[in-house]
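Please look over the sequence and the model before reading the points below.

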Amino acid sequence: MGGWAIAVHGGAGVDPNLPAHRQEQAKQLLTRCLQLGVSALNSNLPAIDVVELVVRELETDPLFNSGRGSALTEKGTVEMEASIMDGTKRRCGAVSGVTTVKNPISLARLVMDKSPHSYLAFSGAEEFARQQGVETVDNEYFITPENVGMLKLAKEANAILFDYRIPSAGNETCGAGVESPLQMNGLPISIYAPETVGCVVVDGQGCCAAGTSTGGLMNKMTGRIGDSPLIGAGTYAGEVCGVSCTGEGEAIIRGTLAREVAAVMEYRGLKLQEAVDFVIKERLDEGMAGLIAVSKSGEVAYGFNCNGMFRGCATQDGFMEVGIWE
């Protein structure tokens, strides 16, 4: 084994005019989450526990689009989704349409550990949360004044926004204005940076795990489900690797992006970074996305096809990196 490794992300696709203070805030949060994960791994916590721990930290901080600070639906409410997967036996759990659960990633973990199912949604997920005694809050807890203002802008522009915090009038790659020629499922969409969060870990025993959590798209239709809770699309972990994706959910779903990384490693014998590069180049069609990954041998990799991705990674040999741009 090559030792443990961990990677985190806070979304692929970054407005090139992102203010310097916002960049610094993002880097500080990613660094804090990495340090939390590194400490847990040094204490021999299993990969699946580290993934849950780190994603909970990301959900609790309102900086990115998950948990508190989640994007708002067209009705001004929050509907969150998350998934987690333990690569040891390919066990998984996922939730969608969660409105009161403080940490959706932990509810997804409970679906995996305490239910006979892999995926619960909406009222069923909420009922299961109450049965399991997880911490719940009013939906207003997740809503920030910043999000309310961005929803207003989205409605005025009659658009769905990815990066709901950074208004822009430009047409930069993965950070376009309302007149963007980019499309989602063939329909015009105003593209901003998606800020889904995720974590992938391989522990000292070579066991991989992955988790992803998000509030989805600003001004999305109620009931919309993206890639984040879909095993094989937004999240995947098996014997060879763990993967978490972020970006244009509809494109990630079509490309079964997370599973594809493992597939080309298994069937074509590619190394982790080679697999990530191949999938980003060949499986996204015209979609914009990014992903982070770890392998059972302790490798860590990431890739994206837009101008930036909030990400960080660390390995047992002391390497640590936090970045945003290419």
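Predicted model: local features only at pLDDT ≥ 70, side-chain atom pairs only at ≥ 80, totals over all residues.

1. Helix α1 covers residues 20-42. After α1 comes Asn-44, which has a positive phi, near 65°.

2. Which residues of α1 are buried? They are Arg-22, Gln-23, Ala-26, Leu-29, Leu-30, Cys-33, Leu-34, Gly-37, Val-38, Ala-40 and Leu-41. Their packing partners are the helix α2 (47-60) and the strands β1 (5-12), β9 (197-202), β15 (308-315) and β16 (320-325).

3. Lys-102 is placed in the loop that runs between β3 (91-98) and α3 (104-114). Its C-alpha lies 9.9 Å from that of Met-80, a residue 22 positions away in sequence. Leaving aside neighbours within four places in sequence, Lys-102 is in contact with Glu-59, Gly-67, Glu-135, Thr-136, Tyr-141 and Phe-142.

4. Two of those contacts, Tyr-141 and Phe-142, return in the matter of aromatic pairs. The count of such pairs comes to three. In the pair of Tyr-141 and Phe-142, the ring centres are 5.0 Å apart and the planes stand at 80°; since this angle is over 60 degrees, the pair is edge-to-face. Tyr-141 counts as partly exposed because its relative accessibility is 24%, whereas Phe-142, at 0%, is buried.

5. A further aromatic pair joins Tyr-302 and Phe-304, with 6.3 Å centre to centre and 10° between the planes, and this pair is stacked. Are its two members buried or partly exposed? Buried means under 20% relative accessible area. Tyr-302, with 25%, is therefore partly exposed, and Phe-304, with 15%, is therefore buried.

6. The model holds one cavity of 30 Å³ or more, and the largest cavity has a volume of about 90 Å³. It is lined by 14 residues, of which Thr-196, Thr-214, Arg-224, Asp-227 and Gly-247 are the closest to its centre. By class, the lining of the largest cavity comprises eight polar, four charged and two nonpolar residues.

Definitions and conventions. Residues numbered from 1 in each chain as written. Heavy atoms only, no water. Helix = DSSP H or I, 4+ residues; strand = E, 2+ residues; numbered from the N terminus. Expected span 1.5 Å × (residues − 1). Buried < 20%, exposed > 50% of the residue type's maximum accessible area, 1.4 Å probe, protein only. Contact = heavy atoms within 4.5 Å. 1 Å grid on protein atoms, 1.4 Å probe; cavity = no way out; pocket = protein on both sides within 12 Å on 5 of 7 lines; lining within 4 Å. Points joined across faces, edges and corners; volume = space filled by probe spheres on them. Nonpolar A, V, L, I, M, F, W, Y, C, P; charged D, E, K, R; others polar. Phe/Tyr/Trp six-rings, centres within 6.5 Å; stacked < 30°, edge-to-face > 60°.
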